[in-house]
Amino acid sequence: MEKKITIMGVLQEGLGIGLKNALSLLGAVVLWILTIWIPYINVGTTIAISAIPIELSKGKIISPLFIFDEKYRQFMGEYFSLIGLMLIAIWPAMLFLVVPGIVIAIGWSLSIFLLIDKQLSPTQAMIQSNKATYGYKWTIFGVSFLLMLAVAIVGWIFSKLGSIGSILNFLLLIVMVVVNLGCNSVIYRDLTKDNTAPAVEEAKEEV
């Protein structure tokens, strides 16, 4: 059976998607920071920032203004409920030598995207995310590990360059963030494109 994602495949495509949208992503983050003090609006923009990989997964260059789309505010209750449920389970699991917490966190890593994109309930999003990532948790972990390793090595080299090294490390951090978002978009797109329909139909029937 052909694997839906591979470490190198995700990194390669994620790099292209992230860098292609780098300016848009920076613009979205700047707009989020500038408006974070506005009540109610800031909840919608924060949810939108969390949903960036959904927009990136569509294959188009995103607009920074997407964070102001009112559709994100309708998920306010479900979003905070999902975050609460995840934290309640992950924090105790972290006490068992960290590893169980990491496994659970990876298993639920697509939950927010499914909640918003497929309009699932918090519990359905968590279940569907765990199903989608089954068999791919090591791959997802490997992507994150290699990204962090690359940043650590390059960052260490830059740190030897004096004051210019600080500027380069700041730019490196930005590149790491946009590439990571690009990788997340690939993971979400490829792991959920075939197996979310049943959950969506089930959610509609329950409503």
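I take patches to be made of residues with over 30% relative accessible area and no salt bridge, with like charges joined within 9 Å and nonpolar side chains (Val, Leu, Ile, Met, Phe, Trp, Tyr) within 5 Å. A salt bridge is a side-chain nitrogen of Lys or Arg within 4 Å of a carboxyl oxygen of Asp or Glu.

The model is predicted: local features need pLDDT of at least 70, side-chain atom pairs count only at pLDDT 80 or more, and totals for chains, interfaces and linings use all residues. Residues are numbered from 1 along each chain as its sequence is written, and side-chain values use heavy atoms, without hydrogens and water.

Entry 1, surface. I looked up the nonpolar patch, whose members include Met8, Val98, Trp138 and Ile157 and which has about 1200 Å² of accessible area together (Shrake-Rupley method, 1.4 Å probe). Helix H9 (residues 137-159) gives the largest share, nine residues. Met8 sits in helix H1 (residues 7-20) and is exposed at 57% relative accessibility (exposed is over 50%, buried under 20%, partly exposed in between).

I found Thr35 in helix H2 (residues 22-35), buried at 12% relative accessible area. A polar atom of its side chain lies 2.7 Å from the backbone oxygen of Leu31. Beyond neighbours within four places in sequence, Thr35 is in contact (heavy atoms within 4.5 Å) with Asn42, Thr45 and Phe68.

I checked the length of helix H5 (residues 76-94): its 19 residues should span 27 Å at 1.5 Å a residue, and the end C-alpha atoms are 27 Å apart, which agrees. Tyr79, Leu82, Met86, Ile90 and Ala93 are buried in H5. The buried residues of H5 pack against helices H3 (41-50), H6 (99-107), H7 (111-117) and H8 (122-133).

Note on methods: Helices (H or I, at least four residues) and strands (E, at least two) are DSSP runs, numbered from the N terminus. The expected span of a helix is 1.5 Å times one less than its number of residues. Buried means under 20% relative accessible area, exposed over 50%, partly exposed in between (1.4 Å probe, protein chains only). A polar contact is a pair of N or O atoms within 3.5 Å; within protein, one must be able to donate a hydrogen and the other to accept it, and residues adjacent in sequence count only if both atoms are side-chain atoms.
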